[in-house]
Amino acid sequence: MEFLVASSVGVLTAAGVYLLLRAHTFPVVLGLTLLSYATNVYLFATGRLAINAPPLIDAQVARYTDPLPQALVLTAIVISFGMTALLVVMALRSWSASGDDHVDGGPAAPGTAPEDRR
Amino acid sequence: MSLPLIVLLPFIGAPLAALMIRAGRNACAGTAFAFSLGAFALLLSHLPDVLQGEPIEAGWSWLPSLGLDLDFRLDGLGFLFALLILGIGLLIIVYARFYLSGRDPMGSFMAYLLAFQGAMLGIVLADNVLLLLVFWELTSLSSFLLIGYWKHLPDGRQGARMALTVTAAGGLAMIAGMLILGDVAESYRLSDILQQAEAIQASPHYLPALLLILAGCFTKSAQFPFHFWLPHAMAAPTPVSAYLHSATMVKAGVFLLARLWPVLAGSEAWFYLVATTGLVTMLAGALIALFKDDLKAVLAYSTVSHLGLVTMLLGFGTPMAALAAVLHILNHASFKAALFMIAGIVDHEAGTRDIRRLGGLAQAMPIAATLAVLAGASMAGVPPLNGFLSKEMMLQEATLLADWAGNAWLVAALATLAACLSVAYSLRFVIHVFFGRPRAVLAHHPHDPPAGMWLPPALLVVLVVAIGLMPSTLAGALVAAAASAVTGGDLPAHELALWHGFNPALGLSALALLSGLVLLKAYRSARASWSAGPHPQAKAMFDGVIDYVVDLARTITQGLHNGSLQRQLAFAVGAVVVLGFGTFLTTPYEAGERATLPAEPVAVVGWLLLLAATGAVLALHRNRLLALVNVGVIGLIVSLGFAYLSAPDLALTQIAVEVVTVILLLLALAHLPRHTPRETGWLRRLRDAGLAVAAGLGAGGAVWAMMTREFETLSGYYLEQSVPGGGGANVVNVILVDFRGFDTFGEITVLGIAALAIYALLDRGTPSVYGAPPAVPPAQDASNSLMMAVAMRIMLTLSIVVGAFIFLRGHNAPGGGFVAGLVVSIALALQYMAHGMRWADTHMRIDYHTPIGWGVVVAATTGLGAWLAGHPFLTSTVWHLDVPVVGEVHIASAMFFDTGVFLVVVGATLLALTSLARLRVGDGPARKPGTGGAAARKEA
């Protein structure tokens with residue numbers, strides 16, 4: 001099970017980083033989403049994996065998984081949503097202002113690397 | 001209490017003085033004067049105690065864990081400095097009232113002046129070195145504002161910047177030095193540190209601490225080779241120069257040398273560093289002063305020279321030299337402030353400060369001339385004025401100095417030479433300006449200024465004469481109190497007097513006076529040989545160094561970050577990869593031993609699906625819609641994974657967020673291009689793939705290594721306390737709304753801000769004017785199927801009930817404000833999708849800004865409520881109510897907090913979604929002809 005989680009984190013990170021390095025906005029947004037998944041699972045895994053041990057206090061249950069990483073990840077999920085939303089709207093603004101979907105804004109933006117221009 | 005108030009009063013007065021300018025210039029200056037006077041009166045009320053050698057202490061605890069406390073202490077040295085700061089400050093306020101013209105904003109001037117005054121008082125009264133450093137930096141900042149007060153003058157701006165750069169750089173060094181000092185003495189309390197002389201001098205860290213602290217003192221007190229900023233600071237209005245460079249700013253460094261004298265002085269390093277620097281500064285300053293033509297420049301270099309004198313005396317390390325230093329601090333402040341004010345009067349009335357164009361002003365301005373003669377003679381060291389007293393004591397100490405690097409008379413000779421130069425430039429200041437024939441036709445008809453301008457220097461000149469005539473009576477007790485505070489012990493028997501009989505010092509004094517007169521007589525030829533010599537320009541060197549540093553920084557920055565996000569991100573990821581693998585490869589690795597869970601078939605199926613979906617995202621990422629669908633699949637599997645691995649709350653949240661995210665990205669895709677163009681350059685793609693694989697291997701490997709090891713958690717406390725302390729069985733929710741409620745409060749605030757930012761970004765109706773026409777009509781015009789519309793209305797009711805259920809049970813079972821907020825948001829968003837924006841807008845009149853604001857307010861109020869009960873912020877309470885029929889109900893105050901979370905989540909989510917959904921194609925103000933597309937025209 002641990003291997004499945006670890007390899008998933010690895011694959012999601014790799015895909016996220018690759019998309020993050022693309023030159024156009026939407027793949028970058030998706031890449032960031034994938035990286036968020038990877039990070040959240042990573043954080044969650046700091047409490048180690050446990051099956052059938054939710055942190056819901058019950059007099060009959062003796063074994064609980066670590067609740068703290070879960071609390072951290074819960075807010076992280078919601079914040080990632082806020083960040084994704086802000087990012088995609090910024091991409092939209094940039095697109096509508098410059099007519100270019102490139103992450104560095106318009107074609108006239110100073111100091112940009114020309115090799116990835118459309 | 002009255003002690004901290006002395007420091008606080010100027011700070012309180014600063015904003016008030018700035019406001020009072022609306023009632024006129026007199027009211028403004030009057031306010032500033034009143035606050036200074038109040039502090040002055042409070043200070044004087046402590047005089048009897050201080051003269052008896054009993055320091056006064058007061059203060060509050062501030063950050064005891066860091067050793068930073070608001071401790072203040074008033075002893076003889078602090079009293080003398082506070083007296084100068086406030087006494088001369090009062091005179092400066094009066095003088096400035098008449099000096100500044102009607103065009104100068106007096107409100108800000110008085111505010112800066114008072115802030116500076118307060119900061120200086122803080123330095124001299126603080127009894128905690130960290131607190132002292134805070135005030136030290138404040139003086140650098142407020143003096144920057146004062147020096148650059150005439151913002152329209154480039155000289156003023158450059159001078160202020162140079163002063164700030166030099167003194168703040170020294171301040172940084174001093175922070176390090178003070179921290180070392182506090183570390184060695186095991187206390188940041190100044191009076192404790194002063195008791196630790198032996199421990200500090202024996203410590204191996206003594207020399208670094210000394211060097212760092214001296215860097216701070218020497219930059220502040222303009223000691224060679226850091227003296228160059230002071231003359232450039234003369235671009236400030238004259239009242240500022242008079243205040244900063246006679247009694248305050250530059251004296252701060254000297255003050256600190258005196259303050260730390262008991263622990264730092266006495267070593268060979270101290271002697272050679274401090275005494276030599278002082279001697280060189282004294283000589284160099286006096287030499288340059290003689291050949292300056294601007295009255296203020298003469299005074300500036302003379303100040304440098306006199307500060308060198310005081311530094312040298314402190315460097316000698318003997319109690320009598322320290323006493324002479326203290327006396328000279330008092331004397332220099334009195335005559336130098338008067339001379340600066342006189343220079344300002346001359347400038348004001350004659351229209352120039354150039355000595356070459358002035359002359360014979362005594363007839364036109366008899367009052368100013370009398371004051372200048374007396375103060376200037378004191379600066380030259382002519383008996384019976386106060387400047388003579390301390391200069392003779394300095395010469396006396398110099399002759400007593402038996403040994404400077406094996407040389408017995410060198411210091412005395414050089415000190416006499418400096419005294420001779422000082423006589424020459426002082427008398428030049430007086431004679432070339434006020435006597436002889438007028439040398440140029442002046443624009444103005446010079447005459448004596450209004451009383452408000454000559455009374456302040458006149459008061460100081462009275463002191464100059466009186467202290468000179470009756471030193472023991474007037475200043476004896478105060479100087480002795482201050483000097484014994486410097487030495488931290490008893491002083492040798494001494495008497496302040498004009499006449500000590502015939503001794504070597506008297507001889508040297510007379511020699512200095514005579515040779516100074518001769519030198520002034522031969523000024524023309526001396527000037528010629530000076531002009532022939534080389535003149536290194538400190539400003540050019542300083543600018544060169546600054547330019548070099550700026551260029552270097554720019555080169556490095558632009559080398560790493562040329563404005564391309566891709567490049568920057570590649571560097572960031574690459575750095576993490578290199579650092580991570582570097583550390584991994586250079587440290588021994590052992591496989592973890594924690595037992596792993598078996599992989600059940602269902603988990604393997606989920607894993608395969610996740611891999612396939614991720615692969616699909618990568619392969620299809622140029623087709624944005626398909627990629628998005630696959631991202632949704634990944635999110636779904638992640639959420640299932642959370643459910644499988646005992647995290648029901650996370651599973652609920654993840655799936656709800658997934659839905660909202662996909663809706664949001666779909667809405668955005670309606671405006672963005674559908675396809676990503678293919679990127680050229682397979683090399684670039686290969687590089688990115690390499691980075692990505694490395695990052696993935698690193699992250700996956702790290703999480704694997706972590707999960708296969710045992711761990712300790714602090715969650716035992718949360719598990720134990722969740723029910724008794726937090727009143728809820730769902731530990732995750734209790735942590736969110738109770739134990740770590742402050743974090744959650746921060747996070748909902750961030751979420752709200754993100755939503756408001758989205759709204760602000762889209763408020764002007766940003767269209768995709770360049771966009772290809774959307775293939776499907778945007779959501780707002782969807783007159784979708786009737787079935788869907790009806791179903792969604794029923795769904796709304798059901799969803800809200802589900803949301804309420806999830807919210808209410810959240811404290812004890814999976815759920816809570818976050819999830820409930822997302823569920824209700826989805827239900828409301830579905831209405832927009834099913835009915836179209838126009839219908840939904842008319843039927844659901846909710847302004848989504850409101851819940852965000854109220855949510856934060858509710859959460860904050862819940863937290864603040866704990867204050868009323870005397871508990872820390874966000875302490876929660878549980879009430880047990882007996883409700884008929886329902887039975888016992890637990891109401892935790894955390895539930896109100898969760899309501900705040902709920903409101904923010906609903907407001908933020910819907911504000912983001914509706915802002916995006918309201919965008920219309922072709923709404924924008926700017927449109928590039930021919931690219932707007934058919935749809936844009938059709939919409940319009």
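**A friendly note on chains A and B**

1. Chain B and chain A have two salt bridges between them. Please keep in mind that this is a predicted model.

2. Now for helix H31 of chain B, residues 682–707. With 16 residues, helix H31 gives the most to the side of chain B that touches chain A. By class, that side of chain B holds 71 nonpolar, 26 polar and 11 charged residues. Polar contacts are found here too: 21 residue pairs across the interface, both partners at pLDDT 80 or more.

3. Next, the extent of the contact. Chain B brings 108 residues to it and chain A brings 87 residues. Together the two chains bury about 8,800 Å², and 76% of that lies on carbon and sulfur atoms. On chain B, the trio B:Leu645, B:Ser646 and B:Met707 supplies 7% of the area buried against chain A, more than any other three residues.

4. Turning to the nonpolar cores, the largest has 203 residues. The members that touch the most others are B:Met110, B:Met178, B:Trp229, B:Leu260, B:Trp270 and B:Phe434. Helix H17 of chain B (residues 319–350) gives the most to this core, with 21 residues.

5. B:Trp229 is worth a look in the viewer. Leaving out residues up to four places away in sequence, its contacts include B:Met162, B:Val166, B:His245 and B:Met249.

6. Finally, another core of 127 residues lies apart from the largest one, and B:Ala755, B:Leu762, B:Val819 and B:Val906 are among its members.

Conventions:
Residues numbered from 1 in each chain as written. Chains lettered and ligands numbered in written order. Predicted model: local features only at pLDDT ≥ 70, side-chain atom pairs only at ≥ 80, totals over all residues. Heavy atoms only, no water. Contact = heavy atoms within 4.5 Å. Buried area = accessible area lost by both parts, 1.4 Å probe. Salt bridge = Lys/Arg side-chain N within 4 Å of Asp/Glu carboxyl O. Polar contact = N/O pair within 3.5 Å; in protein donor to acceptor, adjacent residues only side chain to side chain. Helix = DSSP H or I, 4+ residues; strand = E, 2+ residues; numbered from the N terminus. Nonpolar A, V, L, I, M, F, W, Y, C, P; charged D, E, K, R; others polar. Core = buried A, V, L, I, M, F, W, Y, C linked by side-chain atoms within 4.5 Å. Buried < 20%, exposed > 50% of the residue type's maximum accessible area, 1.4 Å probe, protein only.
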